[in-house]
Amino acid sequence: MNAANAQGIGFPVSFEFFPPKTPEGADKLRVARQQLYALHPDFCSVTYGAGGSTQEGTFGTVREILAEGVSAASHFSCIGATRQSVREQLATLKAMGVKRLVALRGDLPSGYGAGGEFHYASDLVAFIRAETGRDFHIEVAAYPEVHPQARSPEADLEAYVAKVQAGADSAITQYFYNSDAYFRFIEDTQRLGAEVPVVPGIMPIGSSTQLMRFSDACGAEIPRWIRLRLQAFGDDTASIKAFGLDVVTDLCDQLRSAGVPALHFYTMNQSAATLEICRRLGI
Ligand code: FAD
């Protein structure tokens, strides 16, 4: 760990946003972004609806971030896509000046057949590398608590390693509140030969029902003690937020002390919690 990291000053952070659905949402996000830029993020990323459902919004938000002078990463999911459609989108992203992608398989809403010419994110990573060489820094998703559809924990580790072998430069994790899962993931994947930086994804806690809903869907575990404490607060949002800030700041502190390369915040298009956590961390 370097001296800057130990003090928090200059510790690398990045922020994730989703494309807003309304003009009001877009205005609010612009304000949130300006507040978060005070932390000098390495980059800001924008999610991408599987099947290309948010492509316009994703690319529009990426364009705005680039125009604001900040490095932007576009998420890019391949489920349902063809080689030709991916090729065209890569050309668009390159022309926009995007240099970083988060390459994903994605999930189609239930009722849609998978279709498409890509089965897994590793196929997409290999295709991007073959088509565009080193034009993009490629991030992939990592799941310290195991992806919910994985055949087994071992198979999931192998799937992650396949993404690195296909050409990923680094990874961002699904969020977690149990840092042991992250440390074990790093050990296991390094043992399997995957050495790229793995940046923990951090989800600030703002609402207990929203967190439970997300976590059930994406397979992130809320430890029993956190779940029970959140439930006990009921509708007392001030206490939920205060507790959430304490828990997530402690997690980040622990991760940073252990020498993680950076922290990636799932901002949910809000700035307050991320700003406060970074303030407490001295970032
Ligand atoms: P993959 O790495 O392809 O893995 C998917 C599943 O397939 C896993 O269970 C894996 O074990 C299995 N698998 C992989 N390869 C093989 C193989 N060869 N044989 C058998 N099984 C295999 N979703 C969005 O829709 N938009 C976003 O913008 C978005 N951003 C995300 C950002 C991050 C940092 C993370 C962690 C997730 C994000 N997601 C996003 C969610 C993601 O799309 C889902 O978790 C999706 O189900 C898996 O995508 P993946 O790229 O991890 O898939």
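Predicted model: local features only at pLDDT ≥ 70, side-chain atom pairs only at ≥ 80, totals over all residues.
**Ligand site**

The shell around the ligand comprises 23 residues, of which Y48, D107, Y143, D156 and K163 come nearest. Sorted by class, this shell holds eleven nonpolar, seven polar and five charged residues. Helix 6 (153-165) and strand 6 (170-173) each contribute at least two residues to the shell, and helix 6 gives the most, with three residues.

| Residue | Protein atom | Distance to a ligand oxygen atom |
|---|---|---|
| D156 | side-chain N or O atom | 2.6 Å |
| K163 | polar side-chain atom | 2.7 Å |

**Strand 1 and its neighbours**

Strand 1 (residues 13-17) is mostly covered, since five of its five residues are buried. Both faces of the strand are covered, with V13, F15 and F17 buried on one side and S14 and E16 buried on the other. Strand 1 runs parallel to strand 9 (residues 263-266), to which four bridges join it, and within this pairing F265 of strand 9 is the bridge partner of F15. Strand 1 also pairs in the parallel sense with strand 2 (residues 43-46), again over four bridges, and here E16 stands opposite S45. Between strand 1 and strand 2 the chain passes through helix 2 (residues 23-37), forming a β-α-β crossover that is right-handed.

Terms used:
Residues numbered from 1 in each chain as written. Heavy atoms only, no water. Near = heavy atom within 4 Å. Polar contact = N/O pair within 3.5 Å; in protein donor to acceptor, adjacent residues only side chain to side chain. Nonpolar A, V, L, I, M, F, W, Y, C, P; charged D, E, K, R; others polar. Buried < 20%, exposed > 50% of the residue type's maximum accessible area, 1.4 Å probe, protein only. Pairing = 2+ DSSP bridges. Right-handed = clockwise from strand over helix to strand, strands pointing away.
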